[in-house]
Amino acid sequence: MSKFLLFLGCTIPTKQYAYEISARNVLPRLGIELVDFPEAGCCGFPLKGINKKGWVYMSARILSIAAKKGLPILALCNGCDTSLRKIKDILKHDEVLRNEIAELLSREGIKLNFNVDVYHTIEVLHDFVGIERIKALVVRPLKGIKIASYPGCHMLRPTDIPRPEPSGEPKKFDSILSALGAEVGYYPDKGGCCGATMLPYSPKHAFKLTAIKIKNMKDFGFQATTTSCPYCMEMLDSKQDAIRAEVGDDTLSIPVFYITQLVGLAIGLKPKELGLNLNLSPVEEVLERLGVSIYE
Amino acid sequence: MSDVRVGVYICHCGKNIAGVINPAKVAEFASKLPNVVVARDYMYMCSSPGQSLIEEDIKKYNLNRVIVAACSPRMHEPTFQAVLKRAGLNPWLLQMVNIREHDTWVHEDTPDKAEEKAKELVAAAVARATHLYEITTEKAPVVKSALVIGGGIAGIRAALDLANAGIKVYLVEKRQSIGGRMAQLDKTFPTLDCSKCILTPLMVDVARHPNIEIYAYSEVVDVSGSAGDFKVKIKLKPTYVDWSKCTGCGTCVEKCPGKAPNEFDEGLGFRKAIYFEFAQAVPRRPVIDPRYCLWFTKGICRVCSKVCPVGAIDYEQKERYVELNVGAIVVAIGYEIYDMTKMVEYGYGKFKNVITGLQLERLSDADGPTKGRIVRLSDGREPKTVAIVLCAGSRDEKHVRYCCRFGCAAALKHVYYVKHAVPDAKVLVLYTDVRAFGKGFEEFYQKVRSWDDVYFIRGRPAEIFEDKDGSLIFDVYDSNTNQLINVRADLVVLESAVVPPKDWEPLRRLLKVSCDPGGFALELHPKLRPFETTADGIFLAGTIQGPKDIPDTVAHAAAAAAVAIGFLLKGYVESVPYLATVNEDLCSGCGLCVSVCPYDAITIEEKEGRRVAKVNVIRCKGCGACAATCPSGAMQQHYFTDTQILSEVSTLAGGAK
Amino acid sequence: MSLDVRLIDKKILEDVIELVKPHTPQYCYQCAKCTSACSTSKVLPEYKPHLIVALTRLGLIKELLNSGIIWACSECWKCAEYCPQNVAPVEVVIALKNLAIAMGYKPPEDLKVMAKNVIELGYISPPIEVLSKEFEMYSRTTLELPPLIKPYINTEAVNNLRKLFGGVL
């Protein structure tokens, strides 16, 4: 399997451009064909608190449109991946809701069909491209750099639906990083929460939560961290200033990358091709060690 | 049917029946039915005068069928069958009709209809009675010996009780020594007796008992036959030591250079490639583990055979098989603890200082890998803060649904171990409910609550993390003080869930013992018959039937032995009266009956050039599955033949006249 | 505060049970493993999932909804993952959120804006320009990414969304 509908969700196409840039430049070089899916829109995950049926409707819509195209979905965002898979599970078991959603979609002229495979970036890299293939393409190993994988809540949980990392630990994620030549390791609460969903309620508290993660990574000697979720990236990368200010700790500074950016660096792509100039965290620290300038 | 003479008796059962219907009217109705010679009603049919009434009538009227319309046969069928026997009639010429549980107790609001129903039921019974015939049961002798599978405290207790009753016992144990889990414990609650001190005398009693033969390092591989006459095949695994020559001196173990993980110590520490299971092993004979022996793996060494003073080492030893013939089997194979690596959140298996309660027992045991010192496994230092987590995996829909029963008491005991070994240690007991139900438990719990630096926190930790120095760091919410507590512990002890032995399925199927949803052996009745199974002659002893502590295990095992003794000393087994029987003229040998029989009681045989079904009268339990399946009607069931049942049905369909 | 038993409202629990099927909040035995795990609780101690479940079981949610604290849930799903009785507090909280909206409570302002944007634009926020390391502003166009189209191109879809989410606007 190597052809996927590229499902971007909301945050990536409207704000977190680096993920889209790096994915579009890196994945095809690994043999993954990406087909644009612009009519998809929001998966509804952030709105489940307002109306559950609305959320189910929005994800069911995306699944049904994809089903018509006959291609599997690659969801770049952890939240979108969880959302689509959860809706598949909900619709499979709840006949009443299934009929209600089918009715709503039929008004739009869409036939409900959730028989579509959904995959996430980490799965595509680990299971479809494969570790051996990645290793073979590495020309600039991330040698000597200790990188903390940050899987994020929705890559790991809930395990009653298929997850990219089914064991509750980011084993695939770490294998990919090792294949790129980086050093991986343990730090407390690796599967912890970045706090992004708390932003509407109280940004202060959200920042406090992210701060705990960054502190753990620094305490355990990591020089950089990487994630596959635009929400997590938003907190870890874009909000580092605010986090430092909130907890009053200036040492909480760490380079943050998208996993696709790291793969791109390792296989020899230039920073501009990976959107690295859009990362707000001090990624130059790592680039310097690799002998790469961020302006390339 | 020539000269069928039926007596019908309608019971009032006090007001139970007479309060709804008029028994006299039913009797009057019955008296007019075909073949009925006498019909009466009486206040309490099961009472002495009531029974005499029937007995006298049988003699006076020369009755050869008796109908008693009263309560459920489960109440009084044996009572009235005894009456028939006393009067010289075959007990299976009795037919009971249930006009209480099936009629007056459920139709109180419609007494008229209830009376009609009673009449219809009696009419149907009278029709059936015409087709009843005498049934005799067969007896088969019982072999006066027993097999006990499992040499833990349950198997030991059962074996001793059976042997003391004069029964020959074969005790089969898959490990190299008997003793089981109790040998792994340091102390037992609430008395804090040294576990091995109370266990080993019993182990020696077993070894010395003239009626008990121990097969250690052996397993049951085949079971056939039926209750009272089982044929069992035992595999004696190769120990590579001639146990008949070996004196147990232990020189081989001392000199062996090989190293293997120590299963008895729950993976803590090492043992040799040739080893005793533990110092007080019975039988005290070593075993070579070929996976770690240098001779078996690399073709070198052989030090053991060089130093053995009696030349007992035998690298060429092969497995042997023994066939035993026993009358009863007691299953006493014990329990295992849940694989805590499955609870990823607790870090067991990843973090060195997270251990199970059983591992703590090994640490605390003076004979254990640390000679009784309780230490952090990461650096061998004394723990200053120990967190004991109750219900690790238990009462958990995602892991083990049920309660482990002894975890709470074990945790209290573990507090004692830690405070005794490290008096200034802080101990946190992280509990949800403390179930200290047994004799002496509440007093023990009270004592522990009062100890210095012991804190009971009502909360369950979710995730345990490790700090760089091997300490465990985690949060736990205390709902007693309503706050989140951050814990830094040197050692975390998980009181783990209890599960049945993971590889007991093949044995279970051989014995035809069912299992409950937890995978434990299914008892015949959870309240009244917890040590018997639906398989005749097979009894359950100990935790294989469900988690228990030692006193309950011993009581359970003794009870199983008592019932087994009764079974064996009776001397015979009797076939059930409602047996399946084959009309060989109609049988085509299709074998459908064989495929549905749950008791393996039917075989297809060659007889005069034809294939016919044959029923083993001792194995048959009269379930009726074969009779229902048989396409030709060749298979019939005594007391439930097609003719008998259909006569009832057609009478009911026609209505009472 | 003493509880007048007549104030216990079992309908709340019944409604929640229906919304969270197949999870089982009625089986909760208050082990507090959820609160031990809870990401939000670590930075906001007043937020306790086990307490929210206990209050829901008695139907005593008025103060809870008035405080608005249910919107603090970080939806990290640890509580659901570790709960031994399949209570899944996060699902209970989501159900309470839905019930609250239906009762007329308003969610945090940012969520209202997200709902509005989804109905009007198809995304929770409009595309923005971002500042790069070189202090230049970039948009999709200047980054040479394919243009964004509005996903909900037919009015029926917009109608559906308005009906489903319109309650908060």
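A residue counts as buried if 20 or more other C-beta atoms lie within 10 Å of its own, as exposed if 12 or fewer do, and as partly exposed in between, with C-beta atoms placed from the backbone. Keep that in mind for the views below. This is a predicted model, where local features need pLDDT of at least 70 and side-chain atom pairs count only at pLDDT 80 or more, while totals for chains, interfaces and linings use all residues. Residues are numbered from 1 along each chain as its sequence is written, and chains are lettered from A and ligands numbered from 1 in the order in which they are written.

**View 1. Helix H4 of chain A, residues 78–93.** Helices (H or I, at least four residues) and strands (E, at least two) are DSSP runs, numbered from the N terminus. H4 of chain A has 16 residues and reaches 23 Å from its first C-alpha to its last. That is close to the 22 Å expected at 1.5 Å a residue, the expected span being 1.5 Å times one less than the number of residues. Look for the buried residues of H4(A), among them Asn78(A), Cys80(A), Leu84(A), Ile87(A) and Ile90(A).

**View 2. A cis peptide bond between Val282(B) and Pro283(B).** Omega here is about -5 degrees. You'll find Pro283(B) in the loop between strand S15 (274–275) and strand S16 (287–288) of chain B.

**View 3. A cis peptide bond between Lys21(C) and Pro22(C).** This time omega is about 5 degrees. Pro22(C) sits in the loop between helix H1 (10–20) and helix H2 (33–37) of chain C.

**View 4. Tyr217(B), a residue other than glycine with a positive phi.** Its phi is near 55 degrees. Tyr217(B) lies in the loop between strand S10 (212–216) and strand S11 (218–226) of chain B. Tyr217(B) is buried, because 21 other C-beta atoms are within 10 Å.

**View 5. Glu75(C), not a glycine, yet with a positive phi.** The angle is about 50 degrees. Glu75(C) belongs to the loop between helix H5 (62–67) and helix H6 (78–82) of chain C. With 25 other C-beta atoms within 10 Å, Glu75(C) counts as buried too.

**View 6. Where chain C touches chain B.** Here 15 residues of chain C are in contact (C-beta atoms, placed from the backbone, within 7 Å) with 16 residues of chain B. On the chain C side, H2 and H6 each supply at least two residues, and H2(C) gives the most, with four.

Key
Contact = placed C-beta atoms within 7 Å.
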